[in-house]
Amino acid sequence: MQNSLREERFSIETTIVNILIILLMSTGVLFSLVTALGLIRLPDVYTRTHAASKSSTLGVLCVLLAAFIHFWLIEGIFNTQMIIAIVFLFITAPVGGHLIGRAAYMSGIKVAEETVRDDMEGALKEQKKKLMDNKTTEQ
Amino acid sequence: MMMFYWISLIIVSIGFTGLLFRLVKGPTIADRVVALDAIGISLVSIVALLSLIIETEFFLEIILLLSILSFIGTIAFAKFLERGEIFDRDNNR
C-alpha cells in the first residue's frame, strides 16, 4: 500500500520513466501478439520457427527491460537477476529455434509447397557423400 | 499505470491462447515443440507483468529459472527428434 502511495507522487522524473516504460512495454506486447499470429497463420514448421524465435525474443526482451526499469527507477530495487535473464534469453532463444528447425529437417518433415529453394538438401547430400568416401578409404 | 499493465497482461494472454491452439492442433511433433518453446518465453513475460501488477520483486527469480528450464526442454526435444534418444551412449568403448 505504501509503495502505491509513493508511486502516485507526480514528479517530472516519474513521468519520463513512465513514458519510457510504456514505450518499451507496448513494443514487447505487440511483438508477443505477432508471435502468436505468426504461429497460427504460417504454413510450415520452418517458417513457424522463424516467427517463434525472432519476434518472441524481441518481445520478451522489451517486456523484461520495462519491468527492470520500473523496479530500478521507481521502486529503487536494482535486480541483477533480471539482467542475467535478459542476456540469457537473448542468447538462447534463437539457438533453440535453430536446433528445432534442424531436428525437424533431419526427422524428415516436408517443406511447404510455396518454398522456392532448399539449400539444406544439397548440403546434406554432399555431407553424406563425403562420409561414404571416408568409409571406403578406411576399408 | 496499473490499468496499462492489466491491458498488457490481457493482450499477452490472448497471444498465449493462440500458442496453445498451435500446441494442440500442430500437425507434426516439431510444430508442438516450437509452440512449447514460444509458450515458455511468453510465460516469462506473463510472470514479469504479474510481478509489476502485484508490486513485488520476489517473482523476478522465477524469470531466470523459467528461461533456463524452457531452453533445456527445447534442446532435449530437439535431440530427441533428431536422433531418437536424448543422451548419447558410446557403446564401442
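**Exercise 1. Determine how far helix H2 of chain B is enclosed by the rest of this predicted model.**

Step 1. Apply the burial criterion: a residue is buried if 20 or more other C-beta atoms, placed from the backbone, lie within 10 Å of its own, exposed if 12 or fewer, and partly exposed in between.

Step 2. Count over the helix. Of the 26 residues of H2(B), 20 are buried, so the helix is largely enclosed by the rest of the structure.

Numbering and lettering are as follows: residues count from 1 along each chain as its sequence is written, and chains are lettered from A and ligands numbered from 1 in the order in which they are written. Because the model is predicted, local features need pLDDT of at least 70 and side-chain atom pairs count only at pLDDT 80 or more, while totals for chains, interfaces and linings use all residues.

**Exercise 2. Compare the span of H2(B) with the expected value.**

Step 1. Take the helix limits from DSSP runs (helices: H or I, at least four residues; strands: E, at least two; numbered from the N terminus). H2 of chain B covers residues 29-54.

Step 2. Look past the end of the helix: B:Glu55 follows H2(B) and has a positive phi, near 60 degrees.

**Exercise 3. Describe the side of chain B that touches chain A.**

Step 1. Count residues in contact (C-beta atoms, placed from the backbone, within 7 Å). Chain B contributes 40 residues, facing 43 of chain A.

Step 2. Assign elements. Those giving two or more residues are helix H1 (2-25), H2 and helix H3 (60-83) of chain B. H2(B) gives the most, with 15 residues.

**Exercise 4. Characterise the surroundings of B:Ile41.**

Step 1. Locate the residue: B:Ile41 lies in helix H2 of chain B.

Step 2. Classify it. B:Ile41 has 27 C-beta neighbours inside 10 Å and therefore counts as buried.

Step 3. List its contacts, leaving aside neighbours within four places in sequence: A:Ser56, A:Val60, A:Ala93 and B:Ser70.

Step 4. Check a distance along the chain. B:Leu52 is 11 residues from B:Ile41, and their C-alpha atoms are separated by 17 Å.

Terms used:
The expected span of a helix is 1.5 Å times one less than its number of residues. Two residues are in contact if their C-beta atoms, placed from the backbone, lie within 7 Å.
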